[in-house]
Amino acid sequence: MKKNWRRIIITVLEVLAVLLLLAPAYRLACGIGLKKVYSNSGISIYADDTRYKEEAEQMAETLRVQLLKVDSDYSPKISIYFCRTMAEFHIKAMAIGKPLALSRTGLKAILIRPCDWTKNSIEPRKPQLLPRSLSSVLLHEALHHYERKKLGAFRFFKKLHSENWKIEGFCEYHSASSSFPTDKGLRIFSGEDNYEFVTCNEIKPEYFYFVSRLQTDYLLNFKKVSESDYWSTKYDENQLDDEIRQALKEKRYAFVVSD
Ligand SMILES: [Zn+2]
């Protein structure tokens with residue numbers, strides 16, 4: 001609950017910043033201490049080292065292609081900041097907890113926690129979790145910007161607080177990657193394994209992302225629900241989870257993914 005309040009406060013601050021036209025100032029502040037490594041057609045990348053221009057160009061190109069696969073009409077306007085320290089990440093992203101990355105959609109910014117960004121991999125925050133490819137993390141974050149554009153700012157923020165599983169599930173589904181190991185996640189979800197694994201290891205957010213991706217995959221990939229129905233239908237989550245468990249049990253549905 002405490003975290004929810006903090007998130008609502010940050011959302012309000014973000015909305016105020018947008019209303020007061022502070023987005024350029026925010027992005028300027030995010031760039032402090034970093035160098036612009038790449039900038040072209042709506043995507044800018046800031047990092048501490050300008051040696052890797054080619055890698056940055058490749059990264060932006062991959063992201064652009066991945067986004068076009070989701071929606072051929074979408075042209076992103078995003079600045080990506082690779083933070084050098086966790087302190088810098090927390091301050092610039094106004095971050096709560098220790099996520100791999102954070103989007104400030106209204107401010108058109110994506111902030112990435114410290115990582116060797118030229119290696120396309122981000123180490124997990126706990127040993128029980130898997131490393132993720134940087135390209136999948138970037139796509140996940142960029143898709144939040146897409147969701148905001150597609151849904152409209154008001155609907156996006158409403159869903160962020162009332163149906164967050166859709167907001168996160170949509171991004172995880174399209175970026176096709178999880179920090180949570182699939183087999184373990186499916187066993188916990190099906191009740192064959194103990195949920196204590198999640199609570200004891202403090203990996204609740206990653207399990208939430210895993211289940212959100214599973215729910216979204218079930219609806220969009222298995223049931224072939226259209227994206228507009230996915231966004232507009234008010235699902236009873238318990239009912240949906242039971243339906244997925246049943247389909248998994250009867251082997252009608254298989255959650256086939258690469259982690
Ligand atoms: Zn997200």
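Leaving aside neighbours within four places in sequence, which residues is Trp-117 in contact with? They are Ala-47, Phe-82, Ile-112 and Leu-134. Contact here means C-beta atoms, placed from the backbone, within 7 Å.

The model is predicted, so local features need pLDDT of at least 70, side-chain atom pairs count only at pLDDT 80 or more, and totals for chains, interfaces and linings use all residues. Residues are numbered from 1 along each chain as its sequence is written.

Stay with Trp-117 for a moment. Its place is the loop between β5 (109–112) and α5 (134–151). Trp-117 is buried, because 22 other C-beta atoms lie within 10 Å. The cut-off for buried is 20 or more other C-beta atoms within 10 Å of the residue's own; 12 or fewer is exposed, and partly exposed falls in between. Ile-8 is 109 residues from Trp-117 along the chain, and the two C-alpha atoms are separated by 30 Å.

Now the whole chain. It holds 12 helices and five strands. These are DSSP runs numbered from the N terminus: helices are H or I with at least four residues, strands are E with at least two. The C-alpha trace spans about 55 × 40 × 35 Å along its principal axes. The radius of gyration is 18 Å, which agrees with the value near 18 Å for a compact globule of 259 residues. That radius is taken over C-alpha atoms, and the globule rule is 2.2 Å times the number of residues to the power 0.38. Of the 259 residues, 36% count as buried. Among contacts with a separation of 6 or more, 66% come from residues 24 or more positions apart.

Next, a strand pair. β1 (residues 35–40) and β2 (residues 43–47) run antiparallel, joined by five bridges. Strands pair if DSSP finds at least two bridges between them. Lys-36 has Tyr-46 in β2 as its bridge partner. The two strands, β1 and β2, form a hairpin with two residues between them. In the turn, Ser-41 has a positive phi of about 40°.

Finally, two helices. The axes of α6 (residues 153–162) and α7 (residues 164–175) come within 5 Å and cross at roughly 105°. Axes are lines fitted to C-alpha atoms, for helices over the stretch in contact; angles run from 0 to 180 degrees between N-to-C directions. α6 and α7 are therefore roughly perpendicular, a term for angles of 65 to 115 degrees. Lys-159, Leu-160 and His-161 of α6 meet Asn-164, Lys-166 and Ile-167 of α7 in the contact.

Key. Contact = placed C-beta atoms within 7 Å. Parallel < 35°, antiparallel > 145°, perpendicular 65-115°, else oblique.
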